[in-house]
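I open this notebook on a chain that is new to me. The entries below keep to what I looked up.

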Amino acid sequence: MQTILYARVSTTDQTIAHQRIQAEAAGFEVDEVVADEGVSGLTTSLNDRPQGRRLFDMLRRGDTLVVRWVDRLGRNYADVCDTIRELMRRGVIVRTVINGLTFDGATKDPMQQAVRDALIGFMAATAQAQAEASKEAQRAGIDHAKGRDAYRGRKPSFTREQFNAVNGALGQGQGVSNIATVTGLSRQTIYRIRDNPVEAEAALARWA
């Protein structure tokens, strides 16, 4: 049996390392970390994330899946509930770093099952409400900035020097993983630069 930490980061101010530190500080002994970077929890279900699919392949009956909170596991109320129940059906124990919750499908007591299922629904609803509130606040901030002709989009997670280094390495046929190691950028950032260099260049210009 193993303990796997699943981490998801969608912004440049979040890090996988921080989520692992939080988990270990809460007393979890993590055997392996599976992480998706640059993935929005509001638009992409766990099964549709590259490492989310790998996670389902890795987990076995008796394993423990640790997440910072239930919002790491789904897009909305229904998605989070379905994901946790599917994991429990497979015999996986789901535990959260925040609030120290445990969702275990092994219990046969109907009262414990009812409490557990009600808690899953409550936490999933809370996660969706917080995500929607955050999105609404972000939209209001963007609209306000646009009104002042100040909206420039998200600040690039790379510098001009890194952008040039990535393009040069891509032109030489180097692999994404190697470029990420050399430049210190995530692979997702390398992919974004590779797949849309014009937009990457424009983002640098907007923030120059």
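I looked at helix α2 and found P50 and D57 exposed on its other side, exposed being over 50% relative accessible area and buried under 20%, with partly exposed in between (1.4 Å probe, protein chains only). The helix covers residues 50–58, and Q51, G52, L55, F56 and M58 are buried in it. Why do these buried residues line one face of the helix? Seen down the axis of α2, they fall within an arc of 160°, so they line one face; the arc is that of the directions from the helix axis to the C-beta atoms. An α-helix has 3.6 residues a turn, so residues three or four places apart point the same way.

Next I noted the source of the model. This is a predicted model, in which local features need pLDDT of at least 70 and side-chain atom pairs count only at pLDDT 80 or more, while totals for chains, interfaces and linings use all residues. Residues are numbered from 1 along each chain as its sequence is written, and side-chain values use heavy atoms, with hydrogens and water left out.

I then checked what the buried side of α2 meets. Its buried residues pack against β1 (3–9), β2 (32–37), β3 and α3 (77–89), where contact means heavy atoms within 4.5 Å.

Entry on the sheet. I found an open sheet of five strands in the order β2-β1-β3-β4-β5, with mixed pairing. Its edge strands are β2 and β5 (102–103), each of which pairs on one side only; two strands pair if DSSP finds at least two bridges between them. β1 and β3 pair in the parallel sense over four bridges. L5 stands opposite V66 in β3. Helix α1 (residues 16–25) packs on the sheet and touches β1, β2 and β3, its direction making about 140° with that of β1. α2 also packs on the sheet, touching β1, β2 and β3, and makes about 155° with the direction of β2. Axes are lines fitted to C-alpha atoms, for helices over the stretch in contact, and angles run from 0 to 180 degrees between N-to-C directions.

Entry on the whole chain. I counted eight helices and five strands, taken as DSSP runs numbered from the N terminus: helices H or I of at least four residues, strands E of at least two. Buried residues make up 36% of the 208 residues.

Last, I checked confidence. The mean pLDDT (the predictor's confidence in each residue, from 0 to 100) is 82, and 84% of residues reach 70 or more. Confidence is lowest in helix α4 (residues 110–147), at a mean of 71, and highest in strand β3 (residues 64–67), at 95.
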